[in-house]
Amino acid sequence: MIANLAWVVLALPLLGCIVLGLFPNEPSRALTRVIGVGSVAVAFGLVAVIFATLLGRDTEDRSETSVLWNWIDLGDLRVDLAILVDPLSVLMMLVITGVGALIVLYSTEYMEHDRDYRRFFAEMDFFVFAMLLLVLAANFVFLIVGWALVGLASYLLIGFYYDRPSAVAAAKKAFVVNVIGDVGLVLAAFLLVRELGTLDYAQVFAAAPGQIGLGSGPAELIALLLFVGCAAKSGQIPLHSWLPDAMEGPTPVSALIHAATMVTAGVYLIVRCNVLFALAPHASDVVAITGALTLFVAATIALVQEDIKRVLAWSTVSQIGYMIMAAGLGAYSGAMFHFLTHAFFKALLFLGAGIVIHALAGQQSLNRMGGLRTHLKFVYVAMAVGCLAIAGVPPFSGFFSKDDIIASAFAAGDLGVALGIVAVIAAGLTAFYMFRMLFRAFWGPEPEGGYDQHPHPSRWTMSAPVGLLAVLAAVGGLLQIPAGWSVLRDWLEPAITVADLEPSHTNELIASVLSVSVALLGIGVAYWMFAAGPARRLAYADRFVTVRGLLLDQWRFDQVYEAAVIQPGRDLGDAALHGFEPSGSQGLVNSATSLSASASRGLSRIENGLVRGYVFAVVLGTALVGIVIVLGR
Amino acid sequence: MPWISLLVLVPLLGAMSMFAVPEGNGTQARIHALVAALGAVALVVVVIAKFDRDAGGPQMVDRQSWASEVGLSWTMWVDGISLWLLVLTAGIFLLAIVASCWGPCDRPRAYLGLLLLAEAGLLGLFSAGDLVLFYVFWEAMLVPFYFLIGIWGGRDRRQATLQFVIYTMVGSLIMLVAILATAYIARDVTGQFTFDIDQLRGVAFTKNQSTLLFGAFSLAFAIKLPLWPFHSWLPRAYSAAPIVVTALLAAVMSKAGVYGLLRIGLPLFPEGADYFAVPLIVLALVGIVYGSLVAWRAPTMRLLVGYSSLAHLGFVVLGIMAFDTQAAQGAVLQMVNHGVVVAAAFGIVGIISLRSGAENVDGVRGLAAGAPRLAAVFLIVAMASLAMPGTNSFVGEFFILTGTFRQHAWAAAIATIGIVYAAVYMLRLYQTAMNGPREGDGRRVELRAPDYLMMLPLVAVMGLIALWPAGIVGATTTTLNRTIAPAQVAAERPAAQILATVVANPPANALPLPGDPAPATQGATP
Amino acid sequence: MTTGASMTGVPLSLYLAVSGAMFLLGLIGVMTRRNPLLLLLAVELMLNSANLALVGFSRYWNVVDGQIFALVVMVVAASEVVIGLGLVVAVFRQRLALNVDGMSELRG
């Protein structure tokens, strides 16, 4: 029953996408709005019903699988088109449809000046469908399908303004990096088939501990390959550089796909496959280290960004680093907790930034902002809540979730402590860059030459989602209070079958004190530099030219890839096309053709058209036959 | 009813009926062609309906004596491997004929007649149950393609056809020798002189014989496929041919080589197949990487799709030569997928280049604004071509690689490079034409009613396979298990992976041949 | 004379000698002459030499097969001459020089 409802949830956005896509003429905007928002909102309502039903059941009874039909049966490998409804997927669905509905509602106003109104909502619906498929899949095949389809949706929406070359290039980059991630997942699936002969979640997770040894080669390799997929999707080093470029898409897209839902799919996957990662301690260490590295590097890059959306993008990369690190260390519910709060506050920040951008007629540069708090009071308050949440100031949501992660890290041995310290430092950086953004946009003097357009406050369609998200970002952390209660951990317990890392109270105390003081320090420095004396920032910018250059170049990852991977590939292709093609392989066919041509030319010389020549040949042939007969006797 | 023979005869008769059409009467020629092509499709539907999905062996056998003294017979049948290829051939040819009928067409009588002749040749090839018959159809389909490219082709058509024909002929002559050798050697082993493929199955050739014969056959198949490095007829022929013919070459004719490997190579010469397995896998891998790289840099749209086809066929060969049930089923599925997808891709390239006059990849830009529907269909086709999960090609490639990974993990790992590059080159094709500044007049290339007639069936089939691949695979499973089992035994695969029993030929209890050493139990012969 | 019927009169070897001589003459004619008419005559000579040999053998073995075959050859020769002369006339109408060496349009 619950699973049937989940199929409807899955079908609704798809239906919305199909109806909008196949509509013969451009449908009226009102109809587009109804279909676009309605399909996601109704889906959210149904998910809420599912959630309430599951809540009423016993803990062990909260998971259901439903098979639509047998997708393929290869004799020794059978895959069904099936979904799995369990606490983890329901949590994801709640966020996807809930935040999704708010963002789609917001888009109705944000995109109203755009001529491709219908296409936008069709693609948004498609994304919601793909993301639901990703989290609902009951086997690795449909996980991969959903995984790739969200990549496609992301590609389409990043390249939404397809007449802008930069958007097209960013879309392509995102797509190709995602395909690299897909390949990682696919290889992991191959290994699973070879080792276990199945791709079904239930069977894999049941059989894996017995058939793949703890810390064995295949176990580590499977976990690492799965992580390649996660890293590509969740923007982890070294596959992170597509995510900031993805800000070429419209702002609601950035909020939904590149902040709240899709980019956290990697976290979901690690949590979903907690059995497999628990079998691979070394791979898990790699995951945790990668997360820590990413969260630090991304935080440093965010310090110098001038584009308001790129600040948020790098901050997203950094925050996902926290989740990945937590998941790598074994704090699965901690990772999911941060995913939840992050979905609230990052969506809030993006949507707030969207209102600012909308109010300034598309202007995204912090240099063209300043002093906006008098014009856009509501957004200012909402963004401030978001900044406080992400900076980890109690009692806002980010404080609880981030502290959970840092405290868990401290409980996870030597490596955990080291990574925890990195995370604390980055927490300070986070507070600094977020408030840098806030102060530069809303405080200080107005930009020289005035705004690009007089900032106008938004209507309710944009304000309501922002307000709602602000409330959630403020109180969302109360789901899990150290030494109090842990609603989320209890809820996820059936899905996380391995021992979840639980920090001790000492750890939590140390983590709270450290991170809050660091965060306050960061906010203070930001205030001193950007709000109290705006002139100071230019002075400091001049003093750190080299470091700033490195950070502005985003640690030069892109340049290295260009030189080390892309250009050699191009050269190889050119060499094959202009070098090998004309001579090498063409040589084979040419030699076959010319051999036969020259052979026939040589033979044709015998046919000289003179009767006596032919007669001579006849005589010669007869003589030869005679000789053969005589000698052969 | 001899359904299979009828299936081959209908397009043949359609081609013959063109002689009855008065010269210059294009409409009548078109009607004849459409009727014949529709007839073939109707017969294919009958064949699907009558096909027993669980039987592994030949079905609907039609065996007529042809020249029984020399072991020749008109043997036509269908099994799980050929079933979908027949469907693909009939379907794609119908679309090709529809496309040719709609557009302007120079000398429609001859053109459509030759198309039907090619269809008959391919249908015959895919249903031939006799080696000589196989050879006859193999050569026969070359003739119509020779004229189609040579007369209606574009620049360089003369040289392209000459190369195409001579090069394929080299391979097929070697195959002819191998066919005769197979029959004669098999006679010495079994005491029965026959060219019947099903009766030659499991003949106990020595390892050397098996290796040499497989080598000779696979050379012909490799050229036809084409397999790297025998592919050089491909760029010229694909560039020179009219776009409909290019689509047919890529979608249907390229399957002939793969089909030969599965129909003749593996079941008849398992030891030779085992000997050549890794070399062929390596060539297929080189083809995948090489084709992808060249497609990325290819100057024209046709070449881009053409080289991508080289890479995709590499996947199919990989799946066959892995000797794994999963991989082989993926390969058969991928044959169908590739046929459908590449036909659609060439269809779109044809629409764009015909209406905008651009052949080069960067010849047009920004079409999406004026042609949103073309852009949508193009996107679907591009995604299917790069095997995005959720499309039909993904199913094929995924299972090819799962199976290959089980046997040769390194090969599957290298092949994934091709998946990444596929994304790069297909996006290059799609984005350059569709995206970018809205300068091009997209409305000119927007899909029109006849285009829908062509593209929608293809897209529908793609969707169907993506959602329910079991529909295709279910019919092929038993046949494929039976086909690859000998090769699996030769390659000493674990018994759990071999899903069919291998029958010895001659059977163990067969009577001794004259000249054989008499079995000890019978005592001395008088 | 080991087998077959007894033979009176001209021995087989003489038949064969005359036949061989005629054949050689015809052959030399074919190889040296350039006029198509003479060429045809030479060919006729060769055919008749063969006929002579056939009749001789037929007589030697005392079976009629050879004679029947000689008749067939005669018919063939007659038709060949008809076609040959027709060609000669056609060539004659086209151009005056009756020289077979000039007629080499079909050379490779």
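The questions and answers below concern a predicted model.

User: Which pair of chains shares the most contacts?

Analyst: Two pairs of chains are in contact. In the contact with chain C, chain A takes part with 10 residues and chain C with 10 residues, whereas 47 residues of chain A are in contact with 52 residues of chain B. The pair that shares the most contacts is chains A and B.

User: Which element of chain A gives the largest share of the side that touches chain B?

Analyst: On this side of chain A, 47 residues are in contact with chain B, and the elements that give two or more residues are strand 1 (64–73), helix 5 (140–158), helix 6 (165–196) and helix 24 (557–604) of chain A. By class, the residues of this side are 28 nonpolar, 10 polar and nine charged. The largest share, 16 residues, comes from helix 24 of chain A.

User: Which helix of chain A gives the most to the side that touches chain C?

Analyst: Here the contact takes 10 residues from chain A and 10 residues from chain C. The side belonging to chain A divides into four nonpolar, three polar and three charged residues. With four residues, the helix that gives the most is helix 25 (residues 611–632) of chain A.

User: What percentage of the residues of chain C is buried?

Analyst: Chain C has three helices and zero strands, and from the N terminus its elements run α-α-α. Among its contacts with a separation of 6 or more, 52% are between residues 24 or more positions apart; the corresponding value in chain A is 81%. Chain A, with 25 helices and two strands, has 56% of its 633 residues counted as buried, while for the 108 residues of chain C the buried part is 13%.

User: Are helix 3 and helix 15 of chain A roughly parallel or antiparallel to each other?

Analyst: Helix 3 (residues 87–110) and helix 15 (residues 332–359) of chain A pack with their axes 11 Å apart and at an angle of about 5°. Their contact involves A:L91, A:V95, A:V99, A:I103, A:Y106 and A:Y110 of helix 3 of chain A and, from helix 15 of chain A, residues including A:M336, A:L340 and A:A343; by class the contact has 11 nonpolar, two polar and no charged residues. Angles under 35 degrees count as roughly parallel, and helix 3 and helix 15 of chain A are therefore roughly parallel.

User: How are helix 13 and helix 14 of chain B arranged, roughly parallel or antiparallel?

Analyst: The axes of helix 13 (residues 301–321) and helix 14 (residues 325–356) of chain B lie 9 Å apart, and the two helices pack at an angle of about 175°. Residues that meet include B:M301, B:V305 and B:F315 in helix 13 of chain B and B:A327, B:A331 and B:F346 in helix 14 of chain B, and the contact comprises 13 nonpolar, seven polar and one charged residues. Angles over 145 degrees count as roughly antiparallel, and helix 13 and helix 14 of chain B are therefore roughly antiparallel.

User: Is B:M60 buried or exposed?

Analyst: B:M60 lies in strand 1 (residues 59–67) of chain B, and its phi is near 50°, a positive value in a residue other than glycine. A residue counts as buried if 20 or more other C-beta atoms lie within 10 Å of its own. B:M60 has 21 other C-beta atoms within 10 Å and is therefore buried.

User: Where does B:P226 lie?

Analyst: The peptide bond that joins B:L225 and B:P226 is cis, with omega about -10°. A cis peptide bond also runs from B:W228 to B:P229, with omega near 0°, and B:P229 is found in the loop between helix 9 and helix 10 of chain B. The place of B:P226 is the loop between helix 9 (207–224) and helix 10 (233–240) of chain B.

Conventions. Residues numbered from 1 in each chain as written. Chains lettered and ligands numbered in written order. Predicted model: local features only at pLDDT ≥ 70, side-chain atom pairs only at ≥ 80, totals over all residues. Contact = placed C-beta atoms within 7 Å. Nonpolar A, V, L, I, M, F, W, Y, C, P; charged D, E, K, R; others polar. Buried ≥ 20, exposed ≤ 12 C-beta atoms within 10 Å, placed from the backbone. Axes fitted to C-alpha atoms, helices over the stretch in contact; angles between N-to-C directions. Parallel < 35°, antiparallel > 145°, perpendicular 65-115°, else oblique.
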